[in-house]
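Dear colleague,

My notes on its contents follow, and I would be grateful if you would read them beside the coordinates.

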Amino acid sequence: MAREAVYQQSDPETSAAPVPREQDTSLRPRRMDEMVGQRDVIERLKIAISAAQKREEPLGHILFDGPPGLGKTTFATVIPAEMGTTVQMANGAGLKAPKDLLPYLTNLAESSVLFIDEIHRVPKAVEEYLYTAMEDYRIDIILGEGVSARTLNYELRPFTLIGATTRAGMLSAPLRDRFQIREHLGWYTRSELCEIVRRNSVKLELPVDEPTAKVIASRSRSTPRLANNRLLWVRDYAQSKANGNVSDEIATAALDMIGIDTLGLDKQDRGYLDTLMRVFAGGPTGLEAIAHTMNVSSDTLEDEVEPFLLRSELIVRTRRGRMATEKAYHHLQRVRPEASA
Ligand code: ADP
């Protein structure tokens, strides 16, 4: 439930101004052409969609993987829109037993989409139940109990399963192999994020200029969801502190106020680096040890904090554990313990 955790944070000191669900939805692109970046993914999907439409078949099952906030759910909503079909949304964490899948599977319209977010969280029994649903559009439903129980082989309407995961490595090979299309969503460039910020500032009726968009984009950790979060906070700040005027200086002051630094790190990211440097002398140390010391779950750190720190070369993962890099010491203006001894 990585996304829920982001929304539920309510302390502006630690959360970089959470986005209420309605606002997040209103900023979400509705069509593929409204999406920014991920051009190669979009290109391949468009080909697959048009081929499926020509054959009058459902689109093959699709798996998206990548860190939170990069557009997996957005793809799962724009694909059915392109195909003129409907989508049902489920979360892997909520599918505890095969029976939890039944309402979704039996409600499928012809060629519609079932989206399962965090699909790596479905238990083995649910995963196995999905196999025949995905492959043959059939499921077994057990009616009654004990000696009078009987099995009904139920035919499903042909459908497309879209799975999303932040942990592709946790998916079993049989499940992974049942997805015909697998796409990894990568980080967004500064100019793509600027474009997202500019477009969304118009939607929010507070258009920002190029320098302001650049400040917000450069502090958004290459992630559209964070760009939206930061933009909404800058808007609130501008409206309450600057009579609705927005500029790069106002954006900088707004983001400084909630502890978003020039690399886009928030307090949790810096807390991770601080723990690694202060408590574990820069590492190497295990993720669990860092998580226990910070009193947060290791899943949160692994999904939401580490991917960007790794990508920014602020930490490295070695066989003996996580280590802070020279760049991290420099960024936090600290001196490595050996060097200071
Ligand atoms: P994920 O499912 O990967 O966690 P989402 O699809 O929920 O991420 O994306 C979070 C938000 O970021 C969306 O609501 C949308 O506003 C924005 N977003 C994501 N990808 C794009 C994109 N390619 N273009 C524009 N906005 C995007």
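Contact here means heavy atoms within 4.5 Å. On that basis, residues 24 or more positions apart account for 67% of the contacts in the protein chain with a separation of 6 or more. Please note that this is a predicted model, in which local features need pLDDT of at least 70 and side-chain atom pairs count only at pLDDT 80 or more, while totals for chains, interfaces and linings use all residues. Residues are numbered from 1 along each chain as its sequence is written, and side-chain values use heavy atoms, with hydrogens and water left out.

Overall form

The protein chain has 17 helices and nine strands (DSSP runs numbered from the N terminus: helices are H or I of at least four residues, strands E of at least two). Its radius of gyration, taken over C-alpha atoms, is 22 Å, close to the 20 Å that the globule rule (2.2 Å times the number of residues to the power 0.38) gives for 341 residues, so the chain is as compact as a globular protein of that length. Of the 341 residues, 50% count as buried (under 20% relative accessible area; exposed is over 50% and partly exposed in between, with a 1.4 Å probe and protein chains only).

The chain is divided into domain 1 (2-184), domain 2 (190-257) and domain 3 (267-340), with bounds from an automatic or database domain assignment. The C-alpha centres of domain 1 and domain 2 lie 31 Å apart.

Nonpolar cores

A nonpolar core is a set of buried Ala, Val, Leu, Ile, Met, Phe, Trp, Tyr and Cys residues joined through side-chain atoms within 4.5 Å. The largest has 51 residues, and those touching the most other members are Leu45, Leu59, Ile62, Phe64, Phe75, Ile79 and Ile162. Helix α11 (residues 224-241) supplies the largest share, seven residues. Domain 1 and domain 2 both give residues to this core, so it lies between them. Leaving aside residues up to four places away in sequence, Leu45 touches Met32, Ile62, Phe64, Phe75, Ile79 and Ile181. A second, separate core of 24 residues includes Leu105, Leu114, Ala133 and Phe179.

A helix pair

Helix α6 (residues 98-106) and helix α7 (residues 124-136) pack at an angle of about 35 degrees, with their axes 9 Å apart (axes are lines fitted to C-alpha atoms over the stretch in contact, and angles run from 0 to 180 degrees between N-to-C directions). Pro98, Leu101, Leu102 and Leu105 in α6 meet Ala125, Val126, Tyr129, Leu130 and Ala133 in α7.

With kind regards
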